[in-house]
Amino acid sequence: MTNTPTAAPAPPAGRATGSTGPANRPVDPSRWIRTHHARESATARLVCFPHAGGAANAFMALSAALPEDIELLAVQYPGRQDRRAEPCAEDIGELAAGVAEALAARSDLPLFLLGHSMGALVAFETARLLEERGAVARLFVSAARPPAQDWEEPDLTGVGDEELVAGLRRLGGIPEPLLRDPEIVGEVLRLLRADHRALMRYRCADGAAVAAPLTVLLAASDPKNSLEQMADWARHGGSGHTVVTLSGGHFSLVERPGETGPLLTHCVREDLARLSAAPPSAQPQASAPTEEPLADLVREILLGGLEGRTPALPTDPTALEAAARAVMSPEGYAYVAGTAGSGATGRANRAAFDRRQLVPRTLRGTRRTDTSVTLFGQRLPVPVLLAPLAAQQVAHPEGESATARAAAAAGVPLVLSTFASRTLEEVAEQAGDHPRWFQLYLPSDRAVGESLVRRAEAAGYTAIVVTVDATHLGFRPAELDSGYSPFLHGTGIANFTGDPAFLAGLPAGADATAAVLRWAQISTDPTLTWADLAWLRGLTRLPLLVKGVLHPDDARLALEHGADGVVVSTHGGRQLDGSVSALDALPAVRAAVGPDVPVLMDSGVRTGSDVVKALALGADAVLYGRPYVYGLGLGGRDGVEHVLRCLLTDLGLALALTGCASLADVGPHLLAGTTSDTSGSHGPAENGDRR
């Protein structure tokens, strides 16, 4: 099978139609490639191919969102912008041949190819051509069906302008003011019709493939493509394929650079680390990437020490609580730190981690570690999410707004509490494109519950975490002795006082006291049953997790009633005194739901080693709670970011020191007294990722 496209009308298997080939004429690289932001220190190049009707400037914002070590090269097809005098390409193969020749002069660094919509086909064929003379590090394809699949694209020759513009509005990608400009619309439609002619000529056999790893980017709300259609990409990737779900619609790749930039950066750096560890014969014909230290924070702090600077906050997570107590109000501290009854459950949570001992493996060459995890089709950079702690304004005036900004900066997804002191919309705005989930206390007023879910969906939250262990408030002496509840003072009820369904239940002219009283009446529901979970499942298509599960039978019931995952949790020891610890309950819950159901846990997690222990016992990820709120009390946004950077640095080092290059290497064999199984995983994981 040859990878060279040809102009034959009926191509042999494995060839794309229509290339005239590069041999007929020399290619000027400057015609094909645009560099929006030159990166002198780049260690890799990301080559981006635009959609039908698109041009190189579509990737301007994405280029700006990439770090200094990744340079974006945007492909400019003929017939548009500064190449308008040239005729548009007649087929996909012609475009691929031109780009492949132009990239020959840029092969000094590893090349990553990314094609969006029609550009995915051009990138695919370009990758096949480049692999004849070297290697492509990875192929990303966005918003595109597989090459051998019928794209069902209509012949636009006979489609009227108004109908085409309506289609453009449906897909997005072009601001409305531009769609009202006749000159701009005319140019877009000219290019769209020409590119569609090339699309309609394209043919690709089932067996055509690239050797490089393949990542498929699928937007959750893309009206043109579905997850089912993406499955056939597996036929075209010789090294396997991974599907990553993005938020937004068809053009989310370029419209949400705050989300896609970090995702692409993580993938590129991960591949560079893998390539640098491979023998020279297995590496692309490009210069080796610059090595990055495993623990940047450690280096940063120690270098600062040479100049007499020490960290403003403790790096020891166990010292944060005492430091926060000294600066927080007594009642605010009591609310955050308090546990149920005698505190036995809180102590048990920590004791369970202390009982487990890690048995490190040495000389494993773990120069870098991959901490990424895929949950519900979304690739997350770390197996840690911020737990949904309520009323964070008791720790700092900015509350959850500061936390959201810090989480985004540290790369840690956020789970926002229903009882936040900022509305879910405000927090979403602060989080930007960073991944976030919404924790739900299901109110007794179902109209309010439905409204909360709808608002979370609209604000870009990508999962619902329903808490089931707090239908009755635990007996918490620290709060009771201070006689303080933040909610009765109006803190922690912003999602209710800003909710139309909640406000509809208030009498005309109701004051703040009336709002607090109504909140107290309907905010939770002590009569909840599994049937209510089934009702909630029918309300939303978002992934649904049940939080507060400790018994394996409850985990099974959660799945039977529509849950997609569970969170093993004692509510941080705040509900039932004398309960089993979350870590001790974790293995039985994992066994009950099997290897493929996402299982998270919280309660007692403090260090990077704690995270590794939880993963070794079957968790896919952990929720991290009180320490980050102590950081919030100590330093607002900067305090939260400091705490998270310390945790993630500790996690990376814990993985390296136990001999784990990635989360896939973590398993019960790391713990003293458990199985010696060397599989490194509690069960199979989709596409090599822990789910």
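This talk describes the cores, one set of strands and the confidence of a predicted model.

Let me begin with conventions. Residues are numbered from 1 along each chain as its sequence is written, and side-chain values use heavy atoms, with hydrogens and water left out. Because the model is predicted, local features need pLDDT of at least 70 and side-chain atom pairs count only at pLDDT 80 or more, whereas totals for chains, interfaces and linings use all residues.

Confidence comes next. pLDDT is the predictor's confidence in each residue, from 0 to 100. The chain averages 84, and 86% of the residues score at least 70. Over residues 1-26 the pLDDT is below 50, although this stretch has 59 contacts in the model beyond near neighbours in sequence; a contact means heavy atoms within 4.5 Å. Residues 675-691 also stay under 50, and for them the model has 48 contacts beyond four places in sequence.

I turn to the interior. A nonpolar core is a set of buried Ala, Val, Leu, Ile, Met, Phe, Trp, Tyr and Cys residues joined through side-chain atoms within 4.5 Å. Buried means under 20% relative accessible area, exposed over 50%, and partly exposed in between, with a 1.4 Å probe and protein chains only. The largest such core has 116 residues, and Val384, Trp437, Phe438, Tyr461 and Met601 have the most contacts inside it. Helix α26, residues 626-657, supplies the largest share of this core, 12 residues. Helices (H or I, at least four residues) and strands (E, at least two) are DSSP runs, numbered from the N terminus. Is strand β14, residues 544-549, largely enclosed or open? Six of its six residues are buried, so β14 is largely enclosed by the rest of the structure. Two strands pair if DSSP finds at least two bridges between them. Four bridges join β13, residues 464-467, to β14, and the two run parallel; Val466 has Val546 as its bridge partner in β14. Four bridges also join β14 to β15, residues 565-568, again in parallel, with Leu545 opposite Gly565 in β15. Together with helix α23, residues 552-560, β14 and β15 make a right-handed β-α-β unit. Right-handed means that, with the strands pointing away from the viewer, the path from the first strand over the helix to the second runs clockwise.

Finally, a loop residue. Arg235 lies in the loop between α8 (227-230) and β7 (241-246). At 45% relative accessibility, Arg235 counts as partly exposed.
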